[in-house]
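Please read it alongside the sequence and the model.

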Amino acid sequence: MKRIITLIIAITAVATAFCREIKGIVVGENGTLLDYVNVVLYRDSIYVTGTVTDTVGAFSLNTDIQGKLTAKISFVGYETYTAAIPNSGNLGTIKLVPTTVTLREVVVSVTRPSTTMKGNALVTDIEGSSLAIAGTANDVLARVPMVVDNGGTLEVFGKGTPEIYINGRKVNDRQELAQLNSQDMKNVSVITNPGAAYAANVKSVILIRTKPPKGEGFSGTIRIDNGFQHYFRTGNSIDVKYRTRGLELFANYGWWYGDNCDNRSNEMTTTTSTGTYNQSFQTIGRQSYNDMTGKIGFSYMFNDRHSIGAYYQNSWNRHHITGTIPSEVWQNGILLDRYNSDVNNRSSALPRHYVNLYYNGQAGKLSIDFNADYLWYKSRELSLSDELSEMGEERTVNTLSINHNRMFAEKLVVSHPLWRGRIQAGEEYTCTRTTSIFTANIPEVPDADNRVDESNVAAFVEIAQQLGRFNIGVGLRYEHVKFDYYERGQLREGQSKTYDNLFPSLNVAIKIGQVRMGLNYSGKTVRPGYGQLDGAFSYINRLTYETGNPYLKPTKMQTLEYMAQWRQFFAQLSYTCFKDGVYHTTEPYGPDGEATIIRTANLDRRHYFQAFVGGQFKVGIWQPRVNMGMMKQWLTLSVNGKPMKMNTPGFLFQWQNAVHLPFDIWLNVDAQLMTTQWDNNMKLSNTPWYVNAKIYKGFINNTFSVTLEAKDLFNSSQNDAIMYNDAVHIVQKNFSPGRSVMLTLQYRFNTTHDRYRGTGAGNSEKSRF
């Protein structure tokens, strides 16, 4: 390991000598800094070298070619800019002019395509678009291409839940997105095949960039959301900061309170040696939530090259579930029992301590980014169930689950210009401990006291080069993971493991005329979450139990992806091979096998393909966006002793509309449809769809705004599912209401934006808790 880190440091210390530096900054029509703009140098029409602008619109080229040179600067949606290189090599600030395209009798002004392919990312501009008044970051992401709102959970199409970063800092609590205002956002990048700079278990990434900081003194935002989703709910947040010269002090507070309604039915068929058991039960409940989070911190910029900062965040969550579960059990067509369970469940996660500190700076051309993180929290769940039986025994079931988690991590990343591009390298160390204690008052569910200690030492290097028309990136990541599993304080050698893995990545991008194309490959490993590894039993009802599996293997993935963009259209094709994927399986449980236990297990192999296409248009006051996606897996499992193919493809359709009405009022109407699809051995059996509508009006230059939003207007977004296994068959239907109405009031004063540059460490590990 020391040799690898030494080699990386040695590589990044290499300094290449050039005789001449060509540099400049590229901006758009409103002075907006443009990143990933193509900059190419020519001598007498012969290509010399090229690069792209960075995240603040700057570029720098080094060449030993003497004589008269010409720079050609181009970006989709703008006129190409050509200029002779002055003797100083400094082109200063270059302002690109937007193009205008005439379509028959309709004039469409193109300031910049809303979504652009940049390297291996799809970048959507927020600033200056209708998305700037969408509300919060949650509202923006739900309307970004490749992102799907799945029942309130944001997912990247075909890639599951993504890691989300704000200005390079990992979002660890999704409530942070509810506190980030859309008007503060510059753009959003969606990466569906991340490279070596990200942990091996990261399947997709969303990068949010905010506007550059400006202004002095006090500033702040106050936001109030009130509405109904069957029950009343409210969300309130306040964000204040004070800035003077290089110092910035900031604090924010958020509070969310309300109730959710849950109404689901389950039909379960279990085949055993004594016959067939049919169990039906319905869950009718109400969940109350009371969540708070607060953060305080500072950042200090010594100058444009050095910055430090730190913050402390604390949050707590209290949830209370009450409800009833009426159930029936049949054996070979004969009623065995009919009973009802009254459920009272209380859970809390408090306090949750999180600390981040960082240094961000430059030494010559060497960029340095260092972060250290500490996370600690404790959760507790107490469940009471009074079971009233018509034909059998009545009883009260009590269970208690206590989880304690802590993590320390540090991460160092350095980068330096190299030949016709850059080299980036880094190391990351993460140390975690998670403890789970479970007790129950019934013999069917054993008590448990488990602990997992895990350390991860990683090193990576990425090299990006501009070779003619090609942008080429090569990366390699090494991870050494030590996983120790304890039961009642005793180390279990069989479940404890050590891993040493190398993860390569490659991406190639090219622009031919107005078409941008890219081909990406990555090899990754996803280690199971701590909940999936937990061997403790959870009690659902007297015939249904759930547990994890400490013997789970990590999932290995090989992904090949192609992306393309032409004007306002884009497309993506992706193929992934999963080895030892984690899924949920069921099997008979109990003396006669009449009960069912749900556990995690590894699949041998699964093949997966997805395709996604989309485009955005603008005709007068109407700005529609249309997206379509397809996903398909190849998987065969045994069901009732016979092989069953689970290969039916699923399709996604999105139609999003923004209309700019008179008096500067914005109307949004969005629709989404998802057809039947397979996910491992789970079949989403219906076609959930929804229609959302929102109207926005700003006052006093958008200092004060009012938003009225209705989600799932037709109450049609419920997901039904069928789980197929060899001996157990489960059908779940969802009747929970999805329709909601929310009124949002927002006031902003002396608006400024964070200078905080901390990016966090151990980010992938945090998502496993």
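The points below take up the basis of the model, then the cysteines, then the salt bridges.

1. This is a predicted model, in which local features need pLDDT of at least 70, side-chain atom pairs count only at pLDDT 80 or more, and totals for chains, interfaces and linings use all residues. Residues are numbered from 1 along each chain as its sequence is written, and side-chain values use heavy atoms, with hydrogens and water left out.

2. Zero disulfides (pairs of cysteine sulfur atoms within 2.5 Å) are found in the whole structure. Cys-261 is partly exposed because its relative accessibility is 21%; buried means under 20% relative accessible area, exposed over 50%, and partly exposed in between, with a 1.4 Å probe and protein chains only. Cys-431, at 22%, is likewise partly exposed.

3. The count of salt bridges (a side-chain nitrogen of Lys or Arg within 4 Å of a carboxyl oxygen of Asp or Glu) is 22. One of them joins Asp-225 to Arg-223, at 3.3 Å from N to O. Both Asp-225 and Arg-223 are buried.

4. Asp-453 and Arg-433 form a salt bridge whose closest N and O atoms are 2.7 Å apart. This pair links distant parts of the chain, 20 residues apart: Asp-453 lies in strand β27 (residues 448-467) and Arg-433 in strand β26 (residues 421-440). Strands are DSSP runs (E, at least two residues), numbered from the N terminus. Asp-453 counts as buried because its relative accessibility is 13%, whereas Arg-433, at 31%, is partly exposed.

5. Glu-587 and Arg-599 meet in a salt bridge at 3.6 Å, N to O. Glu-587 is partly exposed, with a relative accessible area of 32%, and Arg-599 is partly exposed at 23%.

Technical notes:
Helix = DSSP H or I, 4+ residues; strand = E, 2+ residues; numbered from the N terminus.
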